[in-house]
Amino acid sequence: MYDETCVFCREIIKNRNAAFVYEDDCVSAFMDSAPIEDGHVLVIPKGHYENIFDIDKEIYIKIQLAVKKITMAIQDSLKCNGLNIGQNNGRVANQVVMHYHMHIIPRYYPKKINWEREIVDKADLEIIAKKIRENLKKVDEYEKSGRIT
Ligand SMILES: [Zn+2]
């Protein structure tokens with residue numbers, strides 16, 4: 001499923017215009033171009049689903065598993081003190097892009113969330129993305145060795 005009018009389908013999946021951190025057969029994760037905090041990542045299905053109401057259940061589960069893996073790599077990479085995972089459904093719930101996406105937002109004590117979002121240069125996002133990708137390899141190795149499940 002592909003929707004040419006959807007910015008994630010067109011710019012992320014088709015044009016690959018993002019700093020990617022993770023991909024598998026049906027999930028893609030990349031740096032938010034206007035991060036709420038350093039290391040803000042979005043995790044999306046490669047197929048177009050609008051939100052929780054229409055997403056395929058198996059794709060939904062694959063996204064949750066990817067989110068868990070990515071959060072571990074973010075924590076290793078950025079040494080955040082915690083993180084928020086969020087997902088909005090419908091315009092009334094502040095969903096802006098109508099393609100299912102989960103936010104992973106690292107938190108750094110004692111900083112408060114700053115909702116004034118600004119576009120960050122892709123080269124700067126790529127520096128953080130590279131760190132997260134490298135730590136994802138470690139998470140994979142730990143999983144294979146049974147050190148984490
Ligand atoms: Zn889409």
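Me: Let's begin with Asn94: what makes it count as exposed?

Reply: Asn94 has 9 C-beta neighbours inside 10 Å. The cut-offs are these: a residue is buried if 20 or more other C-beta atoms lie within 10 Å of its own, exposed if 12 or fewer, and partly exposed in between, with C-beta atoms placed from the backbone. So Asn94, with its 9, counts as exposed. Before we go on, this is a predicted model: local features need pLDDT of at least 70, side-chain atom pairs count only at pLDDT 80 or more, and totals for chains, interfaces and linings use all residues. Residues are numbered from 1 along each chain as its sequence is written.

Me: Where is Asn94, and what is its phi?

Reply: You'll find Asn94 in the loop between β4 and β5. Its phi is near 70 degrees, a positive value in a residue other than glycine. Most residues other than glycine have a negative phi, and most peptide bonds are trans.

Me: And Arg16: buried or exposed, and how do you know?

Reply: Arg16 has 11 other C-beta atoms within 10 Å, so it is exposed. Arg16 sits in the loop between α1 and β1, and its phi is positive too, near 55 degrees.

Me: What about the peptide bond from Tyr109 to Pro110: cis or trans?

Reply: That one is cis, with omega near 0 degrees. Pro110 belongs to the loop between β5 and α3.

Me: You keep saying α and β. How many helices and strands are there?

Reply: The protein chain has three helices and five strands. Along the sequence the pattern reads α-β-β-β-α-β-β-α.

Me: Why is the chain called as compact as a globular protein of that length?

Reply: Its radius of gyration is 15 Å, close to the 15 Å that the globule rule gives for 149 residues, so the description holds. That radius is taken over C-alpha atoms, and the rule is 2.2 Å times the number of residues to the power 0.38. The C-alpha atoms fill a box of roughly 40 × 35 × 25 Å, taken along the principal axes.

Me: In what order do the strands form the open sheet?

Reply: The order is β1-β2-β3-β5-β4, with antiparallel pairing. Two strands pair if DSSP finds at least two bridges between them.

Me: What makes β1 and β4 the edge strands?

Reply: Each of them, β1 (20-23) and β4 (82-86), pairs on one side only.

Me: How many bridges join β2 to β3, and what about the other pairs?

Reply: Five bridges join β2 to β3, and Met31 has Val41 as its bridge partner in β3. β1 and β2 (residues 27-31) pair over three bridges, with Phe30 in β2 as the partner of Phe20. β3 (residues 41-45) and β5 (residues 102-107) pair over three bridges, and there Val41 stands opposite Ile104. β4 and β5 pair over five bridges; Gly86 has His103 in β5 as its partner.

Me: How do you know that β3 is mostly covered?

Reply: Five of its five residues are buried.

Me: Which residues have the most contacts inside the largest nonpolar core?

Reply: They are Val21, Ala29, Phe30, Met31, Val41, Val43 and Ile70, in a core of 32 residues. A nonpolar core is a set of buried Ala, Val, Leu, Ile, Met, Phe, Trp, Tyr and Cys residues joined through C-beta atoms within 7 Å. α1 (7-14), β2, β3, α2 (57-78), β5 and α3 each supply at least two of its residues.

Me: What does Val21 touch?

Reply: Not counting residues up to four places away in sequence, Val21 touches Ala29, Phe30, Met31, Val41, Ile70, Ala129, Ile132, Arg133 and Leu136. Two residues are in contact if their C-beta atoms, placed from the backbone, lie within 7 Å.

Notes
Helices (H or I, at least four residues) and strands (E, at least two) are DSSP runs, numbered from the N terminus.
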